[in-house]
Structures are given as C-alpha cells and as structure tokens.
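Please keep the sequence and the model open while reading.

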Amino acid sequence: MADFFSWVDKPLDTHAVLNMIIGAVVVLAFILGVVTYSIYFQRKLIGWMQWRIGPNRVGPLGLLQTIADVLKLLIKEDVVPEKADRPIFLIAPMLAFFPSFMVLAVIPFSANHVFTAYSNVGVLYYIALSAMTIIGVVLGGWASNNKYSLIGGMRSAAQMISYEVPLAMSVLGVVLMAGSMNLVKIVEAQIAFPYVWYIVPQFLGFCVFIISATAELSRTPFDLPEAESELVSGYNTEYSGFRFAFFYLAEYVYLFAMSGLGATLYFGGWSGPFLSGWIWFALKVTCFIFFFFWLQATMPRIRTDQLLTFAWKVLIPLSIVNLVLTAVLKYLLH
Amino acid sequence: MGEIRTEEMLMNIGPQHPSTHGVLRVVVKVDGEIITEADPVVGYLHRGTEKLAEDLQYTQIIPYTDRMDYLSSMVNNHAIVNAVEKAMDLEIPERAEYMRIIVVELNRLVSHLVFLGTYLLDLGAMTPFLYAFADREQVVDFFNRLCGARLTYNYMRVGGVKWDAPEGWLDDVRKFVPYMRSQMDMFHELVTGNEIFLQRVKGIGKFDADTALNYAMSGINLRATGFNWDLRKNKPYSIYDRFDFNVIVGENGDCFDRYMCHMNEILESLKIVEQALEQIPEGPVMGKVPKILRVPAGEYYSAVEGTRGELGVYIVSEGKDKPYRLKFRRPSFVNLQLLPEMLKGQSMANLIAILGAVDIVLGEVDA
C-alpha cells in the first residue's frame, strides 16, 4: 500500500499522476469523514457542557445527524443576491476551501506518511497556503453586497493577517530546534535523543502558537469575522446551501489541519509507545480539537481593537522572545 | 501625508437583528467600525395597549399588561392592580400581599437571569445563556403550577390574587432559594471572573447620575451610576417595608456595573422571597371587592419598582368601569433615550454590549 502511493523520487508518468489523483480522493473522503464527525463531536461535547443532549435522533446515538444536515444543505436552493457581484460571489467559497484541503498534503498522519508529501518546506508551505483562505473570505464578504458581510470580511482580513505573523514566528522556534522545515523530520527530531517533545523546550512558542491558531481558525474567543450577535454571521450572511457548506467545510478542515500541525510541531506527531502511529496522531489531534471546542463553550467574544492590539503588542513580542531564547538554547546545546 | 478620506456607511441594526432583543431598529452611521451617529427607531411592535385599555374594564386590562414587559408579567400585573386598588382605596388580604411579593420577586429574579443569559449571548458566549435558562425554567415551572402560564402570567386580581399556592408550592420555592444562591456563585466563576468579559464591559457605555436623572432613567440603569433610588425603599408600596434587603448601587455607571447590579439584585430578591416565605400568614387570598370596579373620578398615578425601572400607571377616570385614559410609564422606553449619546464614538461590537446592558424589552418600549 505504502509502496503503491510512494511517488517520491519517481518520474512523473501517467501511473504516478493517477496515483496522486487516487491519493487525493482518498484524503478528501477521509477529511470529509473527519469534518462530519468533528461537527458531531462538537455538538455532543458542547451539548454536554451546556446541560443539553446534543444530536440523538438521526441514526444510532445521532451519528447520522451531520450527514443529514449536509444532505439538507446540498439540496437547498442556491440563492445569489440580486445585486451581488455574481462571479466573485460564486467563486469565493471555493477559494476559501481549496487551500484548506491543500495544506493537508504536508501533514504526516503516520510514520509511513502514505498520503502526504515529504516536503522540505512543509512548514512554509502550510503557512503560505493557509493565508490564501483570507482571499476567499474577503471576496465573499465584498461580493455579497451586504454591509455586515463587508465588515465581517474586513475583520477577517485584519485578523488573519495579524495572527499569521505570530503564528509563523512561533513555529520558527520549532524549525530552529529541529533544523528543518520538513514536518516529518520535525517529528523524527522529537523522537531522537533526548526524546523530548517540543512542548517542553518550546512552551512559550506553543502558547503563542495555540492562541494564534485559535485566531487563525476564527474560533471563540476570536470568532469576530462571523460574529452572529454583531454582524448577523458576518462574511457568510448571504450564503446558503452548498456554498455556505463550503465555507463551513473549510473551517472544519482547517480545524483538523491546524490540530494536526500543532500535534506534529509540539507533541511529536505520530510518535508514542505501544500504539500505532496513526492512533497516536489521531489521539493528539482529538485533544487539540477538544481544546478548541472547550474554548467555544467557555469564552465570550473579544473586540476587534482588543484582538489586534493583543496580536501586535503581546503575541509578536512574545514570539520574538521565544525565537531569541531558542537560538541561545540551540547555540549552548551545540 | 494628509489623512485618508473615509466614507461613512449607513447601517440598520435591526429590526431583525439577533441582538436587538425584539424589533428595535438602530440606524447607525459607521466610519469603518466606529459609530458616528445612532438613532433608535421604535414602533414596529406597537400594540396600542393604552388605547385598548380605554375600551376595557379594569380587570380586563390585566392580561394586556402581561404582554408589555413579557419577561416580568407579574410585576406589570402588580403595577396595574396596585394602581386600581390605590385609586379605589381597597383592602388586600395579608396572604395575598405576601403571595404577590413572592411571585414579583421571583419574576424579577428570572428576568435578571434572562438578562444575564442574553447579555452574554450578545457578547458571544452561549453557555451562560443555557445555564441561566435552565435555572429560569425552575421558576417558570413554579409559575406554571401557580397560574397555568409559562410567560404571560395572569395571577393577580384587583383585591388579591386568583388562587392560593397549590400544595407543596411554598416548600418547593423555599428549597429553590439556597440552590439559586449556589448557582450565582457558579455564574460569578464562569462569567464575572472571565478576563475577556471584563475587557468587554468595564468602562463601556458609561454615564453619570446627573445624566441618568436628566434623562429620567430609573432602575438598574440609574442605580449603576451610584444613585440610590429604589421605589421599594424610597416610596414603599405593598408590604415592602416589612423586609430587610439592600438597594444595590454601582459606582461608575458602566456596563460592568449594570451587570453587577443585576447579579446582586438576584440575591436581594432571594432574600425577600425567603423572608416572605417565613412571614406568610394563613388566610384568604382575595378581598371583598365590588363585581364591577368603578374608579372614582379623578387622576391617579401609582408606580412600582419594575425589573427595568419605575413602572408607572397613570389613570384618568370619569368614575366609570373603564378608564377615560390610561398611560403606562414604561422604563424600557425611557431608558432607551440615552442610547444615541452612549453609542457615539463606540465600535460596532460595543453597540451590542451597550444595548444589551441597558436591558430593554421591546414589548415595553412599544406597548
């Protein structure tokens, strides 16, 4: 199996391209499953935290609820506002979704990293590509010809660009320690002697990372772009049916991808005793996802100016401090 | 380099906005996210309660008041029956007075719980909303057992209350009091101690006592500025002078103080309920009142401390069974006046935080 999908160091022929396509479809199917059950997990978990039951009607234990919701979304009427900028309105959700799917190419799911690229610029690729989603969100907000959406789009541009900086800078600490931007090598560096996950030496960086990641994912308390109580849902107010589903899908794919990135960078990725690598990876990712959902159940929403001030005046200086400390540490160790 | 010219944008917050709590519409001019001008436009709900009252007998007006501030129907009932009783100089049985106090204070408590929940929802937190509603549900159940309704309670009558409490009802309320106190600790832990919440509400929507008085504000909006004024203490009506409770006042008149006043008033209401449960005597719950109520000719004004401020009833009577003119002083409507001033220069997110803290109910704004 691993051999069948191994296209590294091989000439790009028809066979390889076909393999890539099959690989992509498999990853897509897998990720759709993950998203479906992340949503179910979220509803059950937050339901439990809020003294509610959560989905329990469709299928055993409500397990088919999200599938029913998705089906409903897909068959809904495709409403495009009359005065919207039609082409941009139509294309924006896809622009938001594609990068979220593409970043998965570099996340190593297991030791065999069957479906993922062994890229030497994995970290850079992730950071660069994830920033592209901003374009989809801003265009969606702009093209809707709705003032709430416009403000939502602008907010998300300000927010995502601001938090991209501390996120990237916090990740640099890990890159410096591992001496590589290849996510597979970063995991391997954590397994090597002295077998310590980077959460320990990079604790400050991790704090900056997890806060920036929450903002990048636009999750509570940083869910300003889609602040339903202020902007009536923000950039996606005018979207319905499957176009809305695309935005939603992008959000949850990022949730998985960001959790995967966090697990890889700071918790040793697939590494761990006794169990298979992919199980360890899944467990760590689930912990990250749990954390994001937990935040959602406990926090109110921060204000735009507070959000930006926090990024530029707190997180960026902290990430610089972390970078300097890491460099000093690295110098002393070698 | 000169300043970049920006263009203002006109936005309608409401009447279908999720945080305008009903059908309020605030027309705001925004420069980016900063509000340069705000104008509340009311009247979408207007039910014509006052006009309808002119065609109704005094007892028939009571259910119409249920629908004004629909979160505190018992208090509204109390206002109208109190006004008619005062005008007609009627005697109320002791037990009925105590029952009234118990239900009115419980109603104040649940109205504050709805404030707590919806305010946090405005600020983007959903969990406190569900917790507050779960607790509110218990009191709603009490009211359901008492009068068969879960929102528009119709329990009070001129001369007393409709029924006595069903068996075990008073005991159940007694058990609820300590439970609710412990829940308040939980709310403080979850909400009051949250740094993001504090950042969102401290120093926001601030005004002083003079401004509040000039705008005729009352209730928590006035008390949060530090001005000690509560009709239950300052102009005691019913049997409020028999209870030991504190008037909760704030210091800065900001959103945080208004929030804290709500939280602490819940505890004070519990204190009153507890004392009323201890003191409640046996006896009838309905006094001897004429079948057809005729208020002597003249003008009467009577007010109670409503959940949102001074709820006044002004009756002009010609000595008939129906009022010639009936006017309600609705605190939500009065309190809303300061909104344009409070919003100027604030960000869009603060609009929601400020509006939420003023704690309006549109049924009362547009009665």
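In what order do the three strands of the open sheet in chain B run? The order is β1-β2-β3, with antiparallel pairing. This is a predicted model, in which local features need pLDDT of at least 70, side-chain atom pairs count only at pLDDT 80 or more, and totals for chains, interfaces and linings use all residues. Residues are numbered from 1 along each chain as its sequence is written, chains are lettered from A and ligands numbered from 1 in the order in which they are written, and side-chain values use heavy atoms, without hydrogens and water.

**Sheet in chain B**
- β1 (9-13) and β3 (34-41) of chain B are the edge strands; each has a single partner, so one side of each lacks a neighbour in the sheet.
- Helices (H or I, at least four residues) and strands (E, at least two) are DSSP runs, numbered from the N terminus. Two strands pair if DSSP finds at least two bridges between them.
- Neighbouring strands of this sheet are turned by 20° against each other on average, direction ignored.
- Seven bridges link β2 (residues 25-31) of chain B to β3(B).
- Across that antiparallel pair, B:Val28 faces B:Ala38, and B:Lys29 stands opposite B:Glu37.
- β2(B) and β3(B) form a hairpin with two residues between them. In its turn, B:Gly32 has a positive phi of about 70°.

**Helix across the sheet**
- Helix α14 (residues 348-358) of chain B lies across β1, β2 and β3 of chain B. Contact means heavy atoms within 4.5 Å.
- α14 of chain B runs at about 30° to β1(B). Axes are lines fitted to C-alpha atoms, for helices over the stretch in contact, and angles run from 0 to 180 degrees between N-to-C directions.

- Most residues other than glycine have a negative phi, and most peptide bonds are trans.
- B:Asp359 has a positive phi of about 55° and is not a glycine. B:Asp359 sits in the loop between α14 and α15 (362-365) of chain B.
- B:Asp359 is buried, at 8% relative accessible area. Buried means under 20% relative accessible area, exposed over 50%, partly exposed in between (1.4 Å probe, protein chains only).
- A:Phe274 also has a positive phi, near 65°. A:Phe274 lies in the loop between α10 (241-266) and α11 (277-298) of chain A.
- A:Phe274 counts as exposed because its relative accessibility is 87%.
- The A:Thr220 to A:Pro221 peptide bond is cis, with omega near 0°. A:Pro221 is in the loop between α8 (203-216) and α9 (228-231) of chain A.
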